[in-house]
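Reader: I would like to go through this model with you and ask, for each label you attach to it, what the label rests on.

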Amino acid sequence: MRPNNIRGEAVKRAKGLTVALTGLMACAALIGCAGPEAEADPHTAVPDRFTGQQLEWKDCGVPKLDEAGAQCADVTVPVNYADPQGPTLTVAISRIAGSDPQRGVMLSNSGGPGGEGLDFMVDVGKAMTPEVRARYDLIGMDPRGVGRSSAVDCKWPVGFGLHSAGLDAVGFAESVAMQGDLAARCAATEGARLPHITTRNTARDMDVIRGLLGAEKISYFGTSYGTYLGAVYMQMFPDRSDRMVLDSAADPDEYGPVGMMQAMGPLNEAAFDLWADWVAARDAEYHFGTSRAQVREAVRALIGQAAVTPIRLGEYEIDEHWLPVVLFVGLDSPDQYEMVARQIRTIADAAAGKPAQPDETLDSTLGFVLKARPNDNSSQMAIMCGDVATPRDPAFYRRNIEAARATQPLFAGFTNNITPCAFWAPPVEPATVVRNSVPALIVQSTGDTRTTYDGAVALHEDLSASRMVTLQDVPIHWIFGRYPNSCVYSAVNTYFRDGTLPADDMTCRAD
């Protein structure tokens with residue numbers, strides 16, 4: 001998901017008071033400095049068979065990576081670091097080598113959770129200056145349970161573990177039954193390893209990879225969920241964290257399928273309004289109305305129609321549970337407004353009985369969420385549900401949905417809905433509390449629809465030696481490598497080049 005955060009304001013505002021000012025000043029200019037708040041990992045005795053393994057680098061067999069000159073390798077790690085003599089799994093990594101003989105190592109994560117990341121650094125590397133690019137071996141990774149890394153496969157009939165509750169009690173009851181079924185399928189198919197597909201174990205995997213690459217410390221670029229993973233690594237391995245960039249950042253205190261999702265509701269309603277303005281200015285092409293209100297009403301009516309009779313589009317049937325997901329997928333960048341408009345127009349034509357077929361992009365989205373093509377994303381739920389416990393009573397979610405409908409008529413049922421985590425086994429480890437003074441650069445747009453600006457501010461407070469770069473008034477999720485901005489790119493490249501954080505927090509605006 002790329003997969004945001006809203007409660008606990010009083011706690012968040014008090015976080016910074018726990019760190020002494022002297023520690024802040026001493027660490028601000030250093031790389032890898034850790035305060036007394038940093039955590040000691042209880043599972044540090046990793047056997048030599050993991051730390052001493054020899055990596056076999058080979059062609060990746062992925063065109064994007066092969067064209068970039070990357071090589072790939074498989075890393076063997078324990079399923080459960082508390083039982084390192086037990087079963088193992090494979091973590092797949094890629095490497096795009098730098099040219100500087102004194103180069104460092106930069107690990108990465110593309111988000112999700114559950115996002116495949118082997119080729120992620122191809123795009124990120126294009127945003128780097130030649131000097132910065134030369135200074136690092138760029139390491140992509142499919143985290144444990146994802147993609148080529150011993151993937152979780154719950155054999156779901158649908159691809160996505162998040163969907164809308166619908167418009168009434170009947171729709172919500174359907175959601176409860178669906179999510180309970182998805183959780184049961186994971187328990188039945190993945191068994192004993194499922195509780196260990198977690199962020200904390202991925203951070204441990206990263207540290208094994210660090211050692212195998214011969215690096216005392218790693219630099220890191222993560223976006224969306226990848227900012228949470230990066231923050232967890234910094235908490236667990238503060239002395240091994242070098243230049244850490246967290247782009248589109250999640251509040252670790254709100255991480256999980258309740259707090260993160262709830263915070264997305266107002267953001268996506270606001271993003272929809274911007275999109276509706278864009279569509280209204282092009283009514284001659286899209287025919288949804290000439291004002292924001294008319295466009296909003298047209299889409300609301302379309303969801304209502306889908307609740308009565310699912311909309312047939314090619315091989316797909318789109319009901320009120322999945323139509324809001326199509327909107328959600330597309331609204332995280334203004335560059336996608338035209339794509340979303342075409343998709344909703346196609347669905348509206350199908351609903352009106354007109355000949356219509358999904359274009360390639362919509363076919364890909366619907367094929368994934370409705371048919372689990374090419375595979376389901378059960379790994380996303382495995383990670384989130386394994387990381388944090390969530391309320392189990394369906395009434396909790398139903399109350400939240402109804403309380404939000406007045407201000408979130410399109411997305412309340414999606415961002416407040418029950419998830420498979422309500423039916424999951426409890427996590428085997430407590431959620432990670434992030435409070436440390438490891439330097440980091442946080443990059444965030446004020447209009448992000450997936451990770452809130454307030455959440456990034458909260459992470460900034462948790463990381464007392466961090467600096468924050470704000471991209472003002474742009475509704476974009478993931479900036480460096482996706483949305484060119486000279487101000488943001490300069491700050492990130494300067495930090496990666498010489499380890500210098502901005503003297504103060506800074507604000508950038510669209511070029």
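**An enclosed helix and its surroundings**

Author: The buried residues of helix α13 are covered by elements that include α10 (259-280), α12 (292-308), β8 (316-318), α14 (337-351), α15 (360-371) and α18 (412-415). The model is a predicted one.

Reader: What makes helix α13 count as largely enclosed by the rest of the structure?

Author: A residue is called buried when its relative accessible area is under 20%. Seven of the eight residues of α13, which spans residues 323-330, are buried, and therefore the helix is described as largely enclosed by the rest of the structure. The buried residues are Leu323, Pro324, Val325, Val326, Leu327, Phe328 and Gly330.

Reader: How do you know that the overall form of the protein agrees with a compact globule?

Author: For a chain of 511 residues, a compact globule would have a radius of gyration near 24 Å, and because the protein has 22 Å, the two agree. The C-alpha atoms fill a box of roughly 65 × 50 × 50 Å along the principal axes, and the protein has 20 helices and eleven strands. Buried residues make up 60% of the 511 residues, while the accessible surface comes to about 18900 Å², with 53% of that belonging to carbon and sulfur atoms.

Reader: How far apart are the mean positions of the positive and negative charges?

Author: The mean position of the 44 positive charges and that of the 63 negative charges are 1 Å apart.

Reader: Why is Met244 called buried?

Author: The cut-off for buried is under 20% relative accessible area, and Met244, at 0% relative accessibility, therefore counts as buried. Met244 is placed in strand β6, which covers residues 241-247. Leaving aside residues up to four places away in sequence, Met244 touches Ile218, Ser219, Tyr220, Gly230, Tyr233, Met234, Pro439, Ala440, Leu441 and Tyr495.

Reader: What makes Phe221 a buried residue, and which residues does Phe221 touch?

Author: Phe221 has 0% relative accessibility and therefore counts as buried; the residue is found in strand β5, residues 218-223. Not counting residues up to four places away in sequence, its contacts include Met106, Leu107, Ser108 and Asn109, as well as Phe120, Val124, Val245, Asp247, Trp478, Phe480 and Phe496. The C-alpha atoms of Phe221 and Met106 are separated by 7.1 Å, although these residues are 115 residues apart along the chain.

Reader: Trp478 is among those contacts. Why is Trp478 called buried, and what is its phi?

Author: Trp478 has a relative accessible area of 13%, and because the cut-off for buried is under 20%, the residue is classed as buried. Its phi is positive, about 75°, although Trp478 is not a glycine, and the residue is found in the loop between β10 (467-472) and α20 (486-498).

Reader: Which backbone value is given for Ser248, and is this residue buried or exposed?

Author: Ser248, which is not a glycine, has a positive phi of about 65°. The residue lies in the loop between β6 and α10, and at 0% relative accessibility Ser248 therefore counts as buried.

Reader: How do you know that Met384 is buried?

Author: Met384 has a relative accessible area of 0%, and so the residue is buried. Met384 lies in helix α16, residues 378-387.

Reader: Where are the peptide bonds called cis, and what are their omega values?

Author: The bond from Gly112 to Pro113 is cis, with omega near -5°, and Pro113 is placed in the loop between β3 (104-109) and α5 (120-126). A cis peptide bond also joins Arg373 and Pro374, where omega is about 0°, and Pro374 is found in the loop between α15 and α16.

Reader: Where does UniProt place the domain features "AB hydrolase-1" and "Peptidase S33 tripeptidyl aminopeptidase-like C-terminal"?

Author: An unreviewed UniProt entry places "domain: AB hydrolase-1" at residues 133-293; over this span the chain is 48% helix and 12% strand, with end C-alpha atoms 47 Å apart. The unreviewed entry places "domain: Peptidase S33 tripeptidyl aminopeptidase-like C-terminal" at residues 416-508, a span that is 25% helix and 15% strand, with end C-alpha atoms 32 Å apart.

Terms used:
Residues are numbered from 1 along each chain as its sequence is written. This is a predicted model: local features need pLDDT of at least 70, side-chain atom pairs count only at pLDDT 80 or more; totals for chains, interfaces and linings use all residues. Side-chain values use heavy atoms; hydrogens and water are left out. UniProt positions are given in the numbering used here, feature names are shortened, and annotations may be inferred rather than shown by experiment. Helices (H or I, at least four residues) and strands (E, at least two) are DSSP runs, numbered from the N terminus. Buried means under 20% relative accessible area, exposed over 50%, partly exposed in between (1.4 Å probe, protein chains only). Contact means heavy atoms within 4.5 Å. The radius of gyration is taken over C-alpha atoms; the globule rule is 2.2 Å times the number of residues to the power 0.38. Accessible areas come from the Shrake-Rupley method with a 1.4 Å probe; for residues, only the protein chains shown count as cover. Lys and Arg count as positive and Asp and Glu as negative; His and the chain ends are not counted. The place of a charge is taken as NZ of Lys, CZ of Arg, CG of Asp or CD of Glu.
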